[in-house]
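Let's take a friendly walk through this model, strand by strand and then helix by helix. Please keep the 3D view open as you read.

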Amino acid sequence: MVESTDFLFLDAWLSPFCEDIFSSFARADQRRWGDVYLQGLLTVPGRKSIRRISDQVVGRPVDQCLQQFVNQSPWDWQPVRRRLAGHLAAAFRAKAWVVEEVAFPKNGANSVGVARQFAHSAGRLINCQLGLAVMLVGESGGCPVNWRLLLPRSWDDDPARRARTRIPAHERYRSRWDHLLEAIDEMVLDWGLSPAPVVVDARVTPRVEPLLRGLEERGLHYVARVGETALLRGRAAGWAFGAENVASAAGAACAVQGGRNGTTLSGRGRDKKNGSRLTAIPLDVPAGPVELRPRRPAQRFMTVEWAQGKSGPKAMWLTDLGDSRLSEVADMIDLRRNALAQLALMDAESGLRHFEGRSFRGWHHHVTLVSAAHGYRLLRGLDGELAHAGPGGSRGSNG
């Protein structure tokens, strides 16, 4: 067992942060190892291996203890994520909840959820784990506060690998939209967060209707990027298309119109000369079954992003934010770029892809602790907002 005197916090702000973020841990030794691991993610240069964290933070070999804390210890990651989300929500107003796929390249076939699969974020087939991150993002930065591990179908019927990686029986292959809606429900209903518009790259699957309906049923605003093969029902600019057609028909209609039947916002981005413009085209969406209709009538727009000097669309987005809110859609698109930059920082600075274990529990523990490390960096960069909250400072708004 590591004693509190075995290492010193290099940052006086970190001790109260750890005290609060790990307040749900049942045992004192879990809290101490959480302190060690988090400080290692923050201070160890280069690869954040357990051996290097052990040597540089504690100063003596405690590898087995750290391995046990990350991979086998039964602490619940959900309260830690909730505490982190509470701190971030108190420190800055998230303008969007950005959902991103994160690929974790792996060698071999034994790490939990690993398979040779197409990683949209990497643009190719790789041997990897796929995670789904829900990020709170504002102008000051962004941080994942909720995670889901996307298990491939091949793991459903492989009891040996499931047993070795300790996958709970109820964890099976599900669509990423099932995972996303479950994570959002947890954040709103269980954590008490006030939702922001959901920004998601939906190009990974052509069937976006379940995602859009799910968000609309929950009364959530959204901006979803779609590919030219996206399946959609409705009518756009006089062109009707059914479920057997692709959304590129609407994109083609928009291109033919050149924005004449929509609302156009020019000069997006800081570089006006090389910026892009957005055109919003209203879509008439047929009503679904009465029992599945959303709280408010579904009204969708296809927003087409045009690069300056290019004839074809640069990107297509489906949103329920109308043509009068086109500047808000532009902000959401920019916030997604911010989110991607934050994930790159997490990889470079906090060891996001440095997880050495193989278990389901270990994966969730690691990504949660990396999120806590990145969230701490973000909070420290917000001129000491954490000090004003103090230990437990966010309990009032988020339980």
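## Strands around β3

Strand β1 (residues 96-105) and β3 run antiparallel and are joined by 10 bridges; two strands pair if DSSP finds at least two bridges between them. Phe104 has Gln129 as its bridge partner in β3. Strands here are DSSP runs (E, at least two residues) and helices are too (H or I, at least four), numbered from the N terminus.

This is a predicted model, where local features need pLDDT of at least 70, side-chain atom pairs count only at pLDDT 80 or more, and totals for chains, interfaces and linings use all residues. Residues are numbered from 1 along each chain as its sequence is written, and side-chain values use heavy atoms, with hydrogens and water left out.

Five bridges pair strand β2 (residues 115-119) with β3 in the antiparallel sense, and Ala115 stands opposite Cys128. Their hairpin has four residues between the strands, and Gly123 takes a positive phi near 75° there. On to strand β4 (residues 141-150): β3 is joined to β4 by nine antiparallel bridges, with a hairpin of two residues between them.

Strand β3 (residues 124-138) is largely enclosed by the rest of the structure, because 12 of its 15 residues are buried (under 20% relative accessible area, 1.4 Å probe, protein chains only).

## A helix pair

The axes of helix α5 (residues 77-91) and helix α11 (residues 360-380) come within 10 Å and cross at roughly 20°; axes are lines fitted to C-alpha atoms over the stretch in contact, with angles from 0 to 180 degrees between N-to-C directions. That makes α5 roughly parallel to α11 (angles under 35 degrees).

Technical notes
Angles under 35 degrees count as roughly parallel, over 145 as roughly antiparallel, 65 to 115 as roughly perpendicular and the rest as oblique. Buried means under 20% relative accessible area, exposed over 50%, partly exposed in between (1.4 Å probe, protein chains only).
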